[in-house]
Amino acid sequence: MSSSLTLRGAQLLPLYRRRIPKYPIYWKGDPQIRVFLPQFWMRLIKPDYDIPSNQVHFEVHIQMSDLDIKNYLEKIYKVPVLSVQTEIIRALCTSPITVVNNYLMDIW
């Protein structure tokens with residue numbers, strides 16, 4: 001199954017709708033957690049138009065702030081970041097609508 005979809009009942013949930021698991025609590029005497037797995041995700045996307053070679057576009061988790069994105073790129077990938085600009089884009093809501101006897105019927 002794709003990493004971006006999770007089966008929940010009969011629905012497939014995208015990553016931005018999934019609950020972020022809490023990081024395990026450290027108790028004195030527990031073994032050291034050696035692998036750092038971030039709680040967020042980022043996906044590099046190709047823009048629809050030409051951009052300069054020193055810019056990139058990402059699709060990121062909805063709960064990530066500008067500072068989270070900057071730290072993510074600098075600490076994990078060791079990439080110097082000059083600035084971060086975020087924009088929340090709402091998707092088009094398309095529902096299957098049928099016309100029956102001159103009445104609009106919503107299938108959902």
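**Entry 1**

I began with R43, which forms a salt bridge with E59; their closest N and O atoms are 2.4 Å apart. I noted that this is a predicted model. R43 lies in strand β3 and E59 in strand β4, so the pair ties together parts that are 16 residues apart in sequence. I then looked up how open each partner is. R43 is partly exposed, at 47% relative accessible area, and E59 is partly exposed too, at 33%.

**Entry 1: the other salt bridge**

How many salt bridges does the structure hold? I found two. Beside R43 and E59, the side chains of K70 and E74 meet, with 3.1 Å from N to O. A reminder to myself: side chains of opposite charge can pair when their charged atoms come close. K70 and E74 are four residues apart in helix α1, so about one helical turn separates them. K70 counts as partly exposed at 27% relative accessibility, and E74 counts as partly exposed at 25%.

**Entry 2: into the core**

Next I went to the inside. Which residues make up the largest nonpolar core? I listed six: M42, M64, I69, Y72, L73 and V81. Helix α1, residues 66-76, gives the most to this core, with three residues. I then picked M64 and looked up its contacts, leaving aside neighbours within four places in sequence. M64 touches F40, W41, M42, I69 and Y72.

The rings of Y72 and Y77 have centres 6.0 Å apart and planes at 55°, so I wrote the pair down as tilted.

**Entry 3: out on the surface**

Then I turned to the outside. L44, V56 and F58 make a nonpolar surface patch of about 280 Å². I found V56 in the loop between β3 (42-45) and β4 (57-60). V56 is exposed, with a relative accessible area of 54%.

**Entry 4: a loop arginine**

Where is R19 placed? I found R19 in the loop between β2 (11-14) and β3. R19 counts as exposed, at 70% relative accessibility. Last, I looked up R19 and Q39, which are 20 residues apart along the chain. Their C-alpha atoms are separated by 9.9 Å.

Conventions:
Residues numbered from 1 in each chain as written. Predicted model: local features only at pLDDT ≥ 70, side-chain atom pairs only at ≥ 80, totals over all residues. Heavy atoms only, no water. Core = buried A, V, L, I, M, F, W, Y, C linked by side-chain atoms within 4.5 Å. Buried < 20%, exposed > 50% of the residue type's maximum accessible area, 1.4 Å probe, protein only. Helix = DSSP H or I, 4+ residues; strand = E, 2+ residues; numbered from the N terminus. Contact = heavy atoms within 4.5 Å. Patch = residues over 30% accessible without salt bridge, like charges linked within 9 Å, V, L, I, M, F, W, Y side chains within 5 Å. Areas by Shrake-Rupley, 256 points an atom, 1.4 Å probe, with all protein chains shown as cover. Salt bridge = Lys/Arg side-chain N within 4 Å of Asp/Glu carboxyl O. Phe/Tyr/Trp six-rings, centres within 6.5 Å; stacked < 30°, edge-to-face > 60°.
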